[in-house]
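Reader: I would like a close look at one part of this model, followed by whatever else can be said about the parts around the chain. Please take it slowly and keep it plain.

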Amino acid sequence: MCLREGLAVEEALYFREYYGVLLSNGRWGIQLFRYLTDTCNYLPYAAGILGGIFISGAIFTQISILEIKSATGKFIYAGMYMGCVQWTYQLRYSNQSHAVALGLLLASLAIYLLIKTRGWRTLILASFLLCFAISTYQTVGGYAMVLMVAAMLQRNLSDASADIIAPTAKAAAGFMFAILLYYCIHKTANALIDVPQNTQRFVQEYQNNMIGWKEIVKHGQGGIIHHFILRAIKSPIYNITGQNYPGQWVMTSALVPAVLLIVHSLRKYSLFRTCINSLLIFAIFYLPFSADLLLGYGIGVRSQLADALPAATIWSISFSRLSWCKFRIVQWSVVFLTLYVCIFASCKVAEIARDEQWSLNRGKDELIIMYVRGQQLALDSGMEDCRIVLLGSPRPLPDHMYKVKQTGFMEDEALPDLLRAPDWATRYARFFRLPRLQGGTPEDMEKHLEAFQRMPIWPVDGSVRVNKDEVIIKIGPLSK
C-alpha cells in the first residue's frame, strides 16, 4: 500500500505548511511527530515502512502481554493481526499513518506497564505513553481498552484464582490520568500557539460534523432512541458480521473460537466467572465500534483502529486455552487458516492500492486535460491568464476510497475522486501545478448560473465554455 502512489486530499498540501489544524483538532501528537522528524505531509514510502516497523513492535509487545509462549500461537496472533485489512484505510493517509502507528506501539507499551509491573512510577510512565498515543488519534484510546480487556480475559482463563480487579483499577487510574494530561496539553498548546481564525472555524465545523449529538438532541427523545438503536446496536452488528468493508470477515471469523471459549468457561468455571469471561469477550468485539455511539456519528473505517485485535486476541487465546487445540489436525487447520488470511489480505490490499493508483493517475490526467482545454479556449477568445472554474457536483462515490470493481471506469462523466468538493479540486490543481484551474465557489455558481444550466456535463462537447471573461467547465449538476 505504501507504493500505491495515491494522494489523499490532506496530502496535497505537500509542503510543510502550518495551519494549526492538527493542533486545534486535538492531534498534537502528529504535529509533534512531524516537528521532531522535520517532515511534511506526503510521505507514502516512509509512512508505510515506519508504520510497519511500529506495528511489528506493537505485536511483539501484545504477545508478551497475553503471555503467548508457543511459536505457533505467536504466528497465529501476528498472522491474524496482519490479515486485518482495516489498517489500509489508515495507511492511505501517509501524512499521519506513521505517527498513528507509533501511537499503537506506545499504547501497547502502556498496557504492558499497567499489567506486568507494579508501583506508581510505572503507572505514571504508562499514563504519559498513553497520553501521547491518544494525541495521535483519539480512537487509539479504544485500541488500548480492547487490549486491556483481552489481557484480563487471558488472565481470567489461565488461573482459577486470578485477580483482575486490582489490575483493572490500576489501568482505570492510568487511563484517567492520561486523558486529563492529554486535555491539559491540548488546551495549553492552543492557548500559547497562535492559530489563525479561519483554521479555528474550519476545525470547529469539522468537529461539529463529527459529533452529531447536537443534531440528535434536536429531535428529542425519539431522536435519542433512534440514535441508540442505530449506533449502539445496528452499527456494531454490521461491523461484527463483516459487512462494513471488504475483508472484514477476518474479524468475524473469531466469533467461532469466542463461542468455544464461552463453552470452555461453562465447563471449567463457575457461572459467575463464566459471565465475567463472556462480558470480556463481548467487550473485545464491541469496543472497536463504540465510538459511533459516543460521538453520535458514523466514523470511517480508517478510525476503527482496534479492528485487528478481536481476531488476533480471540484466535490466539483460544489456541492456547482450549483442549481441542491439542489435536494436530486442529492445530494445522488453524495455521492454514492464518496463512490463508495473510494471502487473502495481501491480494485485497494490492487491489485497493491498484485502484488508488489508477484513480490518482486518471484523475490527474483529467485535471490536466481540463486545464489544457480551458487554456486553449481562453487563448482562442483572446483572454490571457483568466480563471478556469469547475462548476457542479460530480456523482458521489459510494465509498471514501475509489474501487474500480464497484464503481467502474465512469467514462461518460467526470471522475469524482479528486473533485468531490471545490476545495479538493483547487488543492489538487495546485499540487499538479495548474494554477488557473479552481473549484467553483457559491459566488462563481451565482455568476455563471445561466450559462451553466444550458451546458452539458463533462466530457461532452460544449461542457467547456467562455462566460463573463472566465472559462467554466461543468463537471456535474447543480449541487443541492
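Author: Asn190 is a residue of helix α9 in this predicted model. Its relative accessibility is 26%, so Asn190 counts as partly exposed; a residue is called buried only under 20%, and exposed over 50%. The side chain of Asn190 reaches the backbone oxygen of His186, at 2.7 Å. Leaving aside neighbours within four places in sequence, Asn190 is in contact with Leu23, Ser24 and Val195. Of these, Leu23 is 167 residues away from Asn190 along the chain, yet the two C-alpha atoms are separated by 6.8 Å.

Helix α9 also has a part in the second largest pocket. With five residues, α9 gives the largest share of the lining of that pocket. The space in the second largest pocket is about 970 Å³. Other elements that give two or more residues to its lining are α8 (140-158), α10 (197-210) and α16 (291-295). In total, 32 residues line the second largest pocket, and those nearest its centre are Ile134, Tyr137, Gln138, Thr139 and Leu295. Sorted by class, the lining has 19 nonpolar, twelve polar and one charged residues.

The buried residues of α3 include Pro44, Ala47, Gly48, Gly51, Phe54 and Ile55. Among the elements that cover the buried residues of α3 are α8, α2 (28-37), α4 (71-82), α5 (86-91), α6 (97-116) and α17 (308-321). After α3 comes Glu67, which has a positive phi, near 55°.

Gln248 is found in the loop between α12 (220-240) and α13 (249-252). Its relative accessibility is 1%, so Gln248 counts as buried; the cut-off for that word is under 20%. Not counting residues up to four places away in sequence, Gln248 touches Tyr238, Asn239, Gly242, Gln243, Phe289, Gln304 and Asp307. The Gln248 side chain also reaches the backbone nitrogen of Asn244, at 2.9 Å. To put the two residues side by side, Asn190 is partly exposed, whereas Gln248 is buried.

How values were computed: Residues numbered from 1 in each chain as written. Predicted model: local features only at pLDDT ≥ 70, side-chain atom pairs only at ≥ 80, totals over all residues. Heavy atoms only, no water. 1 Å grid on protein atoms, 1.4 Å probe; cavity = no way out; pocket = protein on both sides within 12 Å on 5 of 7 lines; lining within 4 Å. Points joined across faces, edges and corners; volume = space filled by probe spheres on them. Helix = DSSP H or I, 4+ residues; strand = E, 2+ residues; numbered from the N terminus. Nonpolar A, V, L, I, M, F, W, Y, C, P; charged D, E, K, R; others polar. Buried < 20%, exposed > 50% of the residue type's maximum accessible area, 1.4 Å probe, protein only. Polar contact = N/O pair within 3.5 Å; in protein donor to acceptor, adjacent residues only side chain to side chain. Contact = heavy atoms within 4.5 Å.
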